Amino acid sequence: MKKILIINGHPNAESFNFGIAESYKNGALASGAQVETITIADLHFNPNLKFGYQKRTELEPDLLESWEKIKKADHLVWIHPVWWGGLPAITKGFIDRLFLPGMAFQYRENSVWWDKLLKGKTAHIITTLDQPGWYYRFAFGRPSVNQLKKSTLEFCGIKPVKVNYIGIIKNSTEEQRKKWLEKVYNFGLQNK
């Protein structure tokens with residue numbers, strides 16, 4: 001039984017991202033997968049990595065529980081909007097506070113190389129946009145995807161990382177949103 005963790009990075013519970021997360025979850029449950037969720041906005045933690053890596057800040061209980069879920073999962077599904085080309089601040093803070101040396105990766109002594117401590121896991125990024133996905137990719141270089149996929153998940157050993165764009169959200173019709181939710185349900189059903 002595949003263990004899937006859905007990480008919702010949208011801070012607004014009324015957003016379409018919550019519908020996306022629910023559709024993926026329903027599909028994954030229908031496939032027989034074991035599903036856990038993290039709604040970052042519901043966690044109680046300081047998103048500021050105040051001392052960088054110079055001094056360790058103790059993890060709050062919600063972050064400790066989130067880390068246990070990440071460790072147990074085979075497949076991580078990240079759902080978030082793109083704001084100003086990047087991740088919402090709370091999502092970035094979650095990553096800053098949790099994907100730490102000794103947990104997600106480990107620098108090698110006297111070396112520019114590192115050990116990837118999350119090998120064996122896969123991921124899927126589902127991100128919403130208010131522009132076409134092709135435009136975000138070619139005009140802007142898809143900075144949020146590069147940050148999350150390449151500079152975080154793959155850096156820590158998570159591979160492969162699949163990416164899907166959903167949008168244009170701001171002008172979408174109810175019919176279009178239903179189609180997107182069906183597509184995401186099928187991602188969950190297929191454990192993608």
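Where is the place of His124? His124 has its place in strand S6, with helices (H or I, at least four residues) and strands (E, at least two) taken as DSSP runs and numbered from the N terminus. The model is predicted, so to speak of local features pLDDT of at least 70 is needed, side-chain atom pairs count only at pLDDT 80 or more, and totals for chains, interfaces and linings use all residues. Residues are numbered from 1 along each chain as its sequence is written, and side-chain values use heavy atoms, with hydrogens and water left out.

His124 is buried, at a relative accessible area of 0%; here buried means under 20% relative accessible area, exposed over 50%, and partly exposed in between (1.4 Å probe, protein chains only). Leaving out residues up to four places away in sequence, His124 touches His75, Leu76, Val77, Trp78, Lys162, Val163, Asn164, Phe187 and Lys192, where contact means heavy atoms within 4.5 Å.

One of those partners, Phe187, belongs to the buried residues of helix H6, which are Trp180, Val184, Phe187 and Gly188. Down the axis of H6 these buried residues fall within an arc of 95°, so they line one face of the helix; the arc is that of the directions from the helix axis to the C-beta atoms. On the other side of H6, Glu174, Glu175 and Glu182 are exposed. The cover over the buried residues of H6 includes helix H1 (16-30), strand S6 (122-128) and strand S7 (161-166). H6 itself (residues 174-189) has 16 residues and reaches 22 Å from its first C-alpha to its last, close to the expected 22 Å at 1.5 Å a residue; the expected span is 1.5 Å times one less than the number of residues. Just after H6, Asn191 takes a positive phi of about 60°.

Helix H1 can be described in the same terms. With 15 residues, H1 reaches 21 Å from its first C-alpha to its last, close to the 21 Å expected at 1.5 Å a residue. Its buried residues are Phe16, Asn17, Ile20, Ala21, Ser23, Tyr24, Gly27 and Ala28. Seen down the axis of H1, they fall within an arc of 165°, so they line one face of the helix. These buried residues pack against S1, S2, S3, S6, S7 and H6.

In soluble globular proteins, nonpolar side chains tend to be buried together. A nonpolar core is a set of buried Ala, Val, Leu, Ile, Met, Phe, Trp, Tyr and Cys residues joined through side-chain atoms within 4.5 Å. The largest nonpolar core has 31 residues, of which Trp78, Phe94, Leu98, Phe99 and Leu153 touch the most other members. At least two residues of this core come from each of strand S1 (3-8), helix H2 (61-72), strand S3 (75-81), helix H3 (89-98), S6 and helix H5 (143-154). A second, separate core of 17 residues includes Ile20, Ala28, Ile79 and Ile169. Phe99 touches Tyr53, Trp67, Ile70, Trp78, Ala104, Phe105, Leu118, Thr152, Leu153 and Cys156, not counting residues up to four places away in sequence.

Where H2 meets H3, Leu63, Ser66, Trp67 and Ile70 in H2 are in contact with Phe94, Arg97 and Leu98 in H3. The axes of H2 and H3 come within 11 Å and cross at roughly 80°; axes are lines fitted to C-alpha atoms, for helices over the stretch in contact, and angles run from 0 to 180 degrees between N-to-C directions. H2 and H3 are therefore roughly perpendicular to each other, since angles under 35 degrees count as roughly parallel, over 145 as roughly antiparallel, 65 to 115 as roughly perpendicular and the rest as oblique.

Some backbone details are found in the loops. The peptide bond from Lys159 to Pro160 is cis, with omega near -10°, and Pro160 is in the loop between H5 and S7. Another cis peptide bond joins Gly167 and Ile168, with omega about 25°; Ile168 has its place in the loop between S7 and H6. Trp84, in the loop between S3 and H3, has a positive phi near 50° and counts as exposed at 92% relative accessibility.
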